[in-house]
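I opened the coordinates and went through the backbone, the helices and the sheet in turn. My entries follow.

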Amino acid sequence: MLLAQQLFHIRTDKLARGGLDMAGYIFTLDSLDSLKSCIKKGCYSTNLSAPKNGLWMIHHEGTFADYCGMKPGDSVYFFIDRMIYGRGEMVDIEGDCKYMNYPRALWPSFPEFKNIKDEMLLDDESNLCNRCVCFFKPSPGFFENGIDMDDMLASNPQKIRMLRTLWKLSFIKVDEEEDQALRDAILKRNEASIGSSVDCFNHDSAFHESLSSKVSSRHSLSVKDVLFSCKDGSKLRHEMAIEVAVMDMLSRCKESIFGRWDYVSHQVAASPFKPIDYMDKMDVFGYRKIEGFGTISKYLTIEIKKDAAKKDVINQTMKYVDWINQEYAYGDYSMIEAFILASDFPEHVVKYRDEVCARNYMKGRRPAISETWTNLKLIKYKYNELTGMLDFEQL
């Protein structure tokens, strides 16, 4: 075990901090054979369709944004035909838990296998459509005894939110509370098998060991090709591509124009449960904890527009602010930081923000203090030809 830890630099600092800042991922698979294969190798990769006319489509960009948010220590679960199996944990192999399958895998082209096979992490010709790959280990194990989705939802209905929105997606991300609810249900159902290989799917560390000589900086997840292929002058053609850039920045940077956030996700449900096509979703959602502790102190919402903002985006964002206040902050608007990100903000939109973006609320009881929330910031973005990334400016 010591040798493996030295070889792969598997981080244990999250465990030492008591699991702070952890999230979870629920990956969808089509069969138990696929599940056994993923668990044995300790890796998962989305099989993406080919780019269309040399361009990524929105669902491709959404998948890349999801990979950007992955961190070592995040939980791993699998969903197959109503059943949920788990639990595993993302591991740090040579500096990260997720990589491009081959250099420049996020460029919207279909390379020839013979030209890249020596640099592929998943090195079969059938893996050309596997652009990104993440790595995990059982923790404490992937139990053969899965849990039906209805049983999972009933186990802790107040905490399980995103699982209800799992529809036509390769995988979803869940926050720390939902991750704990999933983990609790799985561990309680399989308590007798914890610490034993009995009734667990087999995992072999050999594949992880083979990666030490293959992974290089050329495999590090880079979103520049995604942004370049989507640029339209100083703007991007898709709002989802902007989400990719924001998710990448917030996941990597301790400080940014949006602040420091311990957990970030995108396309997060922000309305009472209803048919998926009609659900409101926040472009970016996150939270920050008091440093050194597990206490959430702030919540984040970012609404993104690829073009100049219109007045209706103000109302839309404030709807999300009210949702967070109701569902997460429990009446304390001071816990919410909101942003609108757009290519420009006409004067009448800025004036409208100043007129309507205020919420009066009471804080405390003895004495009760009247407060006013006005924390909606306007951020302009611009594609930078020199860096290949986005520049941001607050109005």
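Elements first: I take helices (H or I, at least four residues) and strands (E, at least two) as DSSP runs, numbered from the N terminus. This is a predicted model, so I ask for pLDDT of at least 70 for local features and count side-chain atom pairs only at pLDDT 80 or more, while totals for chains, interfaces and linings use all residues. Residues are numbered from 1 along each chain as its sequence is written, and side-chain values use heavy atoms, with hydrogens and water left out.

**Entry 1: peptide bonds and phi**

I looked up proline 367 and found it in the loop between strand S15 (359-363) and strand S16 (369-373). I noted another cis bond, from glycine 86 to arginine 87, with omega near 25 degrees. Arginine 87 belongs to strand S4 (residues 83-90). For reference, most peptide bonds are trans, and most residues other than glycine have a negative phi.

Next I checked phi. Asparagine 53, which is not a glycine, has a positive phi near 55 degrees. I located asparagine 53 in the loop between strand S2 (43-44) and helix H4 (58-68). Asparagine 53 is exposed, at a relative accessible area of 71%.

Aspartate 81 also has a positive phi, near 45 degrees, without being a glycine. Aspartate 81 sits in the loop between strand S3 (75-80) and S4, and is exposed at 66% relative accessible area.

**Entry 2: helix H3**

Which residues of H3 (residues 32-41) are buried? I find Leu35, Cys38 and Ile39. They span an arc of only 95 degrees around the axis, so they lie on the same side of H3. The arc is taken from the directions from the helix axis to the C-beta atoms. I then looked for contacts, meaning heavy atoms within 4.5 Å. The cover over the buried residues of H3 includes S2, S3, S4 and strand S6 (132-138). Just after H3, glycine 42 has a positive phi of about 75 degrees.

**Entry 3: helix H12 and its partner**

In H12 (residues 347-356) I list Val349, Tyr352 and Arg353 as buried. Viewed down the axis of H12, the buried residues fall within an arc of 105 degrees, so they line one face of the helix. The face turned away from that buried side carries Glu347, Lys351, Asp354 and Glu355, which are exposed. Helix H11 (311-329) and strand S17 (376-383) are among what covers the buried residues of H12.

I then checked how H11 and H12 pack. Axes are lines fitted to C-alpha atoms, for helices over the stretch in contact, and angles run from 0 to 180 degrees between N-to-C directions. The axes of H11 and H12 come within 8 Å and cross at roughly 35 degrees. From H11, the contact is made by Lys311, Ile314 and Asn315, and from H12 by His348, Val349, Tyr352, Arg353 and Val356.

**Entry 4: the six-stranded sheet**

What is the strand order in the open sheet of six strands? I read S11-S12-S13-S14-S17-S18, with mixed pairing. Strand S11 (263-269) and strand S18 (390-394) stand at the edges with a single partner strand each, so one side of each has no neighbour in the sheet. From one strand to the next, the twist averages 30 degrees.

I count two strands as paired if DSSP finds at least two bridges between them. S11 and S12 are antiparallel and share six bridges, with histidine 266 opposite valine 284 in S12. Strand S12 (residues 281-289) is mostly covered, as eight of its nine residues are buried.

S12 and strand S13 (residues 296-304) are also antiparallel, over six bridges; phenylalanine 285 has threonine 301 in S13 as its bridge partner. S12 and S13 form a hairpin with six residues between them, and glycine 292 in the turn has a positive phi of about 90 degrees.

At the other end of the order, S17 and S18 run antiparallel and are joined by five bridges. Lysine 382 has aspartate 391 in S18 as its bridge partner.

Technical notes: Buried < 20%, exposed > 50% of the residue type's maximum accessible area, 1.4 Å probe, protein only.
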